[in-house]
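Visitor: I would like a walk through this model, one question at a time. Where shall we begin?

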Amino acid sequence: MSNTVEDLFILLRISSDIILVILGLIFIKRVSKQTDLAVILASCLFDSIYILIGEFVDLTKSSSSELYFGSFTVVEFLFFAYFIAANILNKRFKWFLVITAIAFVIFNLAYSYITNFRIVDSVPIGIETIFIFLYAFCYLFEQTSVELETFIYQRFQFWIIIGILLYLAGSFFIYVLANQVDRETLDDYWFLTNGLFVLKNILFAVGIFVYLKQFKKSNSSQSIRPYLN
Amino acid sequence: MFLLHALLGISSVMFVGTLGMLVLVIGLVVFIIFHQRKVLRYQMQLQQMEQEQQKVLINASVRFQEEERQRIAADLHDDAGPLLATARLYLSENLVNQDKATQLQAIFQARQILDDTIQLIRNISHSLMPPTLKNFGLESAINDVTQKISGSGSINASSRFHDYKDRLKPEKELLVYRMVQELMNNILKHSSASFIHITQNMHAGCFILRIHHDGRGIIQADFIKLNKSNVGLGLKNISSRLRVAQGKIHFEKDTSETYYKVTMEIPRDELDES
């Protein structure tokens with residue numbers, strides 16, 4: 001895979017992140033009322049900053065690579081876990097999520113401190129993916145079992161979750177096997193991770209538009225006052 | 001993964017794995033969407049059915065009210081009206097010109113007619129709100145009903161309340177009484193029973209009333225069917241009253257296949273005690 005295509009995907013990834021952040025800033029009043037959505041936009045901002053740091057900082061020196069990848073995995077996991085925790089109704093599961101999230105953070109810190117990995121932190125990424133998958137499927141299962149008035153895809157949470165799931169599912173094998181393949185083979189697939197980031201951001205954008213539509217609808221229904229003569 | 005690795009090589013594992021995971025997630029999402037749509041449609045169907053059922057019950061209750069009003073109007077118009085008109089005739093202006101004996105006889109006749117009218121109006125009033133129920137409660141009111149039925153001589157009716165120290169709320173008592181009246185009426189009209197026995201009990205905070213009879217009866221499936229159809233106004237009234245009382249009713253044939261059994265279950269409120 002040529003560097004041009006790879007660079008194009010990185011550019012697309014940063015652009016899509018920035019577009020989402022700008023979208024959030026345009027509708028800041030509405031978005032700020034939905035903390036979980038604001039957190040998702042914060043994850044996009046974090047991702048764009050992270051990529052830019054990666055472009056300018058030399059990661060080959062000392063333990064900066066471990067810190068760089070390790071921190072991204074933890075922060076990304078916390079953003080996604082918070083989003084799901086904020087939307088899940090079952091209290092027991094919420095507690096399970098909080099405990100596993102704390103355990104994961106501790107594990108990741110220890111792992112980054114102890115292990116020196118070659119390219120990426122495959123093990124924490126694998127665990128992160130499994131945990132987020134578990135949370136997301138529990139959320140989706142809960143949504144299908146509770147009594148609802150609207151279809152699941154008419155809620156913005158659905159699009160955000162699907163974005164997270166597709167991104168994590170698509171990049172799972174690449175990240176997990178990243179340390180076992182040679183650089184050339186990895187480069188052939190690496191553009192896919194950036195492509196999946198773009199796909200995730202597109203789905204996040206759909207989620208934001210669904211939310212804005214919902215917000216408009218609920219506001220217009222609130223503004224209807226009974227005629228009391 | 002290791003097997004795949006050995007068979008395909010790491011590059012292919014990466015490709016197949018990524019593709020597989022994506023297909024898996026997409027498949028699951030599609031499944032969830034279709035499943036949720038199915039569940040939602042089913043819920044909507046249920047809601048629609050419930051609304052229709054409610055509509056039937058409301059219609060039945062309106063019809064019942066109208067019939068009741070017509071009956072009262074007919075009673076007043078056909079019975080009380082002519083009686084009062086006759087009394088008026090006896091007490092006409094000509095009465096003063098009559099001799100004393102005729103006057104006394106006319107007054108006596110008018111008094112008789114007025115007494116009859118009072119009795120008639122009392123009967124109408126009692127049919128609207130039985131005084132026994134109001135003054136002495138459900139147990140006495142039902143005993144009254146069974147005694148009246150037994151008094152006719154053709155059917156042996158009895159009732160026994162086992163645990164009714166704490167009365168239900170007056171509104172609930174009236175609802176139960178009306179339902180019993182309706183059921184007794186149906187048994188007398190359609191079942192050709194030779195005995196009716198009513199028993200009362202309390203179970204798990206519920207007021208249980210059971211009616212046994214040895215005539216022709218209906219089972220739960222018939223009750224549901226009649227409730228959905230346009231016939232069976234009385235049964236629909238029972239259903240709407242049960243809904244108000246948040247109770248349940250069950251029609252069944254006794255295990256011995258000899259008797260029919262109707263069981264009413266009314267939950268007691270905290271404030272039912274009088």
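Predicted model: local features only at pLDDT ≥ 70, side-chain atom pairs only at ≥ 80, totals over all residues.

Visitor: Which residue in β2(B) is the bridge partner of Arg160(B)?
Guide: Look along the pairing of β1(B) with β2(B), which has six bridges. Phe161(B) stands opposite Gln200(B) in β2(B). For Arg160(B), the bridge partner in β2(B) is Thr199(B).

Visitor: Which strands stand at the edges of the five-stranded sheet of chain B?
Guide: The sheet is open and its pairing is mixed, in the order β1-β2-β3-β5-β4. An edge strand here has a single partner strand, so one side of it is left without a neighbour in the sheet. That applies to β1 and β4 (248-253) of chain B.

Visitor: By how many degrees are neighbouring strands of this sheet turned against each other on average?
Guide: The value is an average over neighbouring strands of the sheet. Direction is ignored, although the pairing is mixed. The turn is 15°.

Visitor: At what angle does α6(B) run to β5(B)?
Guide: α6(B) lies across β2, β3 and β5 (260-267) of chain B. Its angle to β5(B) is about 170°.

Visitor: Why are α7(B) and α8(B) described as roughly perpendicular?
Guide: Helix α7 (residues 220-228) and helix α8 (residues 233-245) of chain B pack with their axes 9 Å apart. Phe223(B), Leu226(B) and Asn227(B) in α7(B) meet Leu235(B), Lys236(B) and Ser239(B) in α8(B). These contact residues divide into three nonpolar, two polar and one charged. Angles of 65 to 115 degrees count as roughly perpendicular, and α7(B) and α8(B) therefore qualify with an angle of about 100°.

Visitor: Which element of chain A supplies the largest share of the side that touches chain B?
Guide: The contact takes 21 residues from chain A and 19 residues from chain B. On the chain A side, α6 (122-145), α7 (156-177) and α8 (183-222) each supply at least two residues. That side divides into 16 nonpolar, four polar and one charged. The largest share, nine residues, comes from α7(A).

Visitor: Which element of chain B has the lowest mean pLDDT?
Guide: The model scores ipTM 0.82 and pTM 0.62. Chain B averages a pLDDT of 85, and 95% of its residues score at least 70. Strand β3 (residues 206-213) has the highest mean among the elements of chain B, 93. The lowest, 55, belongs to helix α1 (residues 2-8) of chain B.

Technical notes:
Residues numbered from 1 in each chain as written. Chains lettered and ligands numbered in written order. pLDDT = per-residue confidence, 0-100. Helix = DSSP H or I, 4+ residues; strand = E, 2+ residues; numbered from the N terminus. Contact = placed C-beta atoms within 7 Å. Nonpolar A, V, L, I, M, F, W, Y, C, P; charged D, E, K, R; others polar. Pairing = 2+ DSSP bridges. Axes fitted to C-alpha atoms, helices over the stretch in contact; angles between N-to-C directions. Parallel < 35°, antiparallel > 145°, perpendicular 65-115°, else oblique.
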